[in-house]
Amino acid sequence: MTAAEAAVTAESTPAMSVPDPVAPVPGATPPRAPLVARASAELIGTALLVAIVVGSGIQATELTKDVGVQLLANSTATVFGLGILILLLGPVSGAHFNPVVTLAEWWTARRGGPGVTPREVAVYVPVQVVGAIVGAILADAMFGEPLVQWSTHDRSAGHLLLGEVVATAGLILLIFGLARADNLRFAPVAVASYIGAAYWFTSSTSFANPAVTIGRAFTDTFAGIAPSSVAGFVVMQIVGGVVGLALVALIFMPARSSSEASAG
């Protein structure tokens with residue numbers, strides 16, 4: 001091949017494309033995003049989540065008196081809204097929107113896994129709580145309700161507290177199980193679907209989130225919770241988080257090599 005032919009061949013051959021960097025999957029906490037961006041994502045995401053939960057509950061009660069239909073409307077709106085929020089904000093902050101998830105990530109980071117630092121926890125948790133309160137007030141404002149009206153919906157019964165343990169444990173098992181199985185790309189659909197199902201199979205309708213629980217105390221509407229019931233729910237949600245992490249460690253324990261298995 002002559003030099004001229006080689007030049008023509010080189011010009012006619014398409015250049016090898018350089019693959020784009022892999023984007024962070026929803027549900028994983030990207031370490032490169034500035035902390036202010038991640039905090040903003042957590043604030044806005046939690047606010048919108050609570051606005052969806054509270055707003056759809058208000059809308060449902062205005063459209064029908066059937067409690068079953070009200071819950072169906074509330075849970076359906078939450079499923080779609082949560083899925084979209086995780087898909088949108090997951091690549092920025094990890095889309096925790098939940099102090100239990102944030103604390104669970106911090107715990108896994110302490111043990112050598114990916115997660116958030118104590119400094120990030122100290123930022124995430126307060127903005128999640130503030131976001132939840134803002135979301136409840138925003139929903140009330142959109143529907144002409146009093147901006148802040150303490151809920152009178154008592155949720156202190158023991159079976160409801162048990163429901164919160166189950167709901168939160170299942171949520172943590174799902175999120176961190178997906179991470180262990182390298183399937184976090186399915187988090188938007190999986191997490192939203194689980195929460196939608198838990199609305200129906202748990203007695204508490206699956207709050208599973210201390211920040212959301214606090215926010216929902218600020219609205220005396222369908223989705224509200226009496227302030228006197230908040231502490232019990234939050235404690236049980238933390239217990240559920242611990243149970244969920246224990247289940248992850250049990251179910252997704254590292255596989256042993258054949259030599260280790262024979263020695264055992």
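Buried denotes under 20% relative accessible area, exposed over 50%, and partly exposed the range in between, with a 1.4 Å probe and protein chains only as cover. The structure is a predicted model, in which local features need pLDDT of at least 70, side-chain atom pairs count only at pLDDT 80 or more, and totals for chains, interfaces and linings use all residues. Residues are numbered from 1 along each chain as its sequence is written, and side-chain values use heavy atoms, with hydrogens and water left out.

**View 1. Glutamate 120 in helix H5.** Glutamate 120 counts as buried because its relative accessibility is 11%. Beyond its neighbours within four places in sequence, glutamate 120 is in contact (heavy atoms within 4.5 Å) with Leu35, Arg38 and Gly115.

**View 2. Helix H5 and its cover.** Helices are DSSP runs of H or I with at least four residues, numbered from the N terminus. The 25 residues of H5 reach 36 Å from first C-alpha to last, close to the 36 Å expected at 1.5 Å a residue, where the expected span is 1.5 Å times one less than the number of residues. Among the buried residues of H5 are Val121, Tyr124, Gln128, Gly131 and Gly135. The cover over the buried residues of H5 includes H2, helix H3 (67-93), helix H4 (99-110) and helix H8 (210-216). Just after H5, glycine 144 adopts a positive phi of about 70 degrees.

**View 3. A nonpolar surface patch.** Leu43, Ile44, Leu48, Val130 and Val134 make a patch of about 380 Å². Patch members have over 30% relative accessible area and no salt bridge, and nonpolar side chains (Val, Leu, Ile, Met, Phe, Trp, Tyr) are joined within 5 Å. A salt bridge is a side-chain nitrogen of Lys or Arg within 4 Å of a carboxyl oxygen of Asp or Glu; accessible areas come from the Shrake-Rupley method with a 1.4 Å probe. Helix H2 (35-63) and helix H5 (118-142) each give two or more residues to the patch, and H2 provides the largest share, three residues. Valine 130, in helix H5, counts as partly exposed because its relative accessibility is 44%.

**View 4. The largest nonpolar core.** A nonpolar core is a set of buried Ala, Val, Leu, Ile, Met, Phe, Trp, Tyr and Cys residues joined through side-chain atoms within 4.5 Å. The largest one has 42 residues, and those with the most contacts inside it include Leu49, Leu82, Phe97 and Phe176. H7 supplies the largest share of this core, eight residues.

Terms used
Patch = residues over 30% accessible without salt bridge, like charges linked within 9 Å, V, L, I, M, F, W, Y side chains within 5 Å.
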